[in-house]
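Have the structure open and follow along.

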Amino acid sequence: MPRRQHLSEAPVDPVRRVAVLVAAITLPVVIALVVLVNVRGDDAGDDATAGGAGPAEVDSGEPVRPEDLPVLPLDTPPVTPEADAACPALMANLPLELAGDPSRRVDSDSPYVYAWGEPPVVLTCGVDRPAGWQVGTSAIQINGVQWYVDTSDPESTVWTAVDRPVYVEVRLPKGVDSAPVTALTVPLAEALPYQEPQPGP
């Protein structure tokens, strides 16, 4: 009677042997890679949290309020009858925020001054004609308002509207672009009618 062959003594297929060997070698490598990826991912998360290559954190601080800014002392020209006649309409039409900056309190002899932000953008209605605004000098037109631009002061740029019943000055601190002036052209044009520019001799 033939002896029953035990399972452990069954002949092994060469192809199966190779497959088993490959699996035995590959499985530890895959496990090692998975562990490495997880560790690297945790490190990347730590870097992002610590301010590394991750997305920038959004500042959750409270926005600046007008009462948080100190009162701004300003020197202003004497108020003229022309300013009294024209400027109240403009002052009532000015925005509470300008290019993202809140308005702030000012201390001046003229009621026709307004300021926003820190460093401040300052609007003054009823100023003198700019010394540089003369015949032959070009102006910049924005939304139908003509502006004379004075860049002689290294700390600020002064824009003056020259085609209204009174001259309106907007003083921008160094490094600020024309966005506040552009935003102010709308309320200015609504409040003050156009007048033919009159440059000096």
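Keep in mind that this is a predicted model. Start at helix H2, residues 81-91, where Ala83, Ala86, Cys87, Leu90 and Met91 are buried. Look down the axis of H2 and those buried residues fall within an arc of 135°, so they line one face of the helix. On the face of H2 turned away from the buried side sit Pro81 and Ala85, both exposed.

What covers the buried residues of H2? The cover includes strands S5 (113-116), S6 (121-127) and S10 (167-173), plus helix H3 (179-191).

Zoom out to the largest nonpolar core, which has 27 residues; Leu90, Leu123, Cys125, Trp147 and Val168 have the most contacts inside it. At least two residues each come from H2, S5, S6, S8 (145-150), S9 (156-161), S10 and H3. H2 gives the largest share of this core, with five residues. As for Leu90, its contacts beyond four places in sequence include Leu123, Cys125, Val168 and Leu188.

Now for the sulfurs. There's one disulfide by count, and it joins Cys87 to Cys125 with an S to S distance of 2.1 Å. The pair links distant parts of the chain, helix H2 and strand S6, 38 residues apart. The torsion about the S-S bond of Cys87 and Cys125 is about -85°, so this disulfide is left-handed. Here's how the two cysteines sit:

| Residue | Relative accessible area | State |
|---|---|---|
| Cys87 | 0% | buried |
| Cys125 | 3% | buried |

Conventions: Residues are numbered from 1 along each chain as its sequence is written. This is a predicted model: local features need pLDDT of at least 70, side-chain atom pairs count only at pLDDT 80 or more; totals for chains, interfaces and linings use all residues. Side-chain values use heavy atoms; hydrogens and water are left out. Buried means under 20% relative accessible area, exposed over 50%, partly exposed in between (1.4 Å probe, protein chains only). Helices (H or I, at least four residues) and strands (E, at least two) are DSSP runs, numbered from the N terminus. The arc is that of the directions from the helix axis to the C-beta atoms. Contact means heavy atoms within 4.5 Å. A nonpolar core is a set of buried Ala, Val, Leu, Ile, Met, Phe, Trp, Tyr and Cys residues joined through side-chain atoms within 4.5 Å. A disulfide is a pair of cysteine sulfur atoms within 2.5 Å.
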